[in-house]
Amino acid sequence: MTSLTGDFLTLDDGRPAVRLTRDYARPAERVWQYASDPAELAHWFPSTFEVEELRPGATIRFFDDPNMPESTGTVLAAEAPHHLSYTWGGDEMRLDVAPVGGGDTRLTLTNVLESADAAARNAAGWEVCLRALDAADLGTATPSEPGWKELYDAYIVAGFPSGAPVPGADDFT
């Protein structure tokens, strides 16, 4: 049985989203670096993330993802060390950092989807990415199992909408 940590939800404005959370035994300022510093994002984010300054309206460049073409997004909000949101393709990414007690901090990743049928695909992808962040946080190797395809199938079984094209799908067989 594959353990899933994502939720599919409909936001108050009616847009579909997937949400995943992780707790880290780190202060909020450190977890904020995981969410906002391009050097830290390199450990887990699927594309290279380049931005001159994290401020609303700034352009983010996404590149070096083997399954996606180079693209740009726009910073919507940057409130260090608690909230970062930006556009990426037709989606919106929200990264929220909040202390949860005992010195621990929760990172909540919310991917607001352009289309609900991307839910299973994106939840599986973020699951893989956050497992890489978990490993980087602990200084260990990223686990190879379960892989993206197994997670994707498990999210479909869990009732997440699916059917969106899968970039690089041949790489996941």
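**A friendly note on this predicted model**

1. Let's start with Asp64, which is exposed, at a relative accessible area of 62% (exposed means over 50%, buried under 20%, and partly exposed in between, with a 1.4 Å probe and protein chains only). Asp64 sits in the loop between strand S4 (59–63) and S5; helices (H or I, at least four residues) and strands (E, at least two) are DSSP runs, numbered from the N terminus. The phi of Asp64 is near 65°, a positive value in a residue other than glycine.

2. A word on how to read the values. This is a predicted model, in which local features need pLDDT of at least 70 and side-chain atom pairs count only at pLDDT 80 or more, while totals for chains, interfaces and linings use all residues. Residues are numbered from 1 along each chain as its sequence is written, and side-chain values use heavy atoms, with hydrogens and water left out.

3. Now look for the two cis peptide bonds described here. One joins Ala80 and Pro81, with omega about -5°, and Pro81 is in the loop between strand S5 (71–79) and strand S6 (83–88). Another joins Glu145 and Pro146, with omega also about -5°; Pro146 belongs to the loop between H3 and helix H4 (148–157).

4. Next comes the largest pocket, lined by 33 residues, with Pro46, Asp65, Met68, Trp88 and Asn122 nearest its centre. A pocket, on a 1 Å grid over the protein atoms alone, is an open set of points where a 1.4 Å probe fits, with protein on both sides within 12 Å along at least five of seven lines; lining residues have an atom within 4 Å of a point. Which element gives the largest share of the lining? H3 does, with seven residues.

5. Asn122 is found in helix H3. Asn122 is buried, with a relative accessible area of 11%. Not counting residues up to four places away in sequence, Asn122 touches Val18, Asp91, Asn111 and Leu113 (contact means heavy atoms within 4.5 Å).

6. Finally, visit Ser115, in the loop between strand S8 (104–112) and H3. Is Ser115 buried or partly exposed? Ser115 is partly exposed, at a relative accessible area of 33%. Ser115 and Asp65 are 50 residues apart in sequence and 21 Å apart in space, C-alpha to C-alpha.
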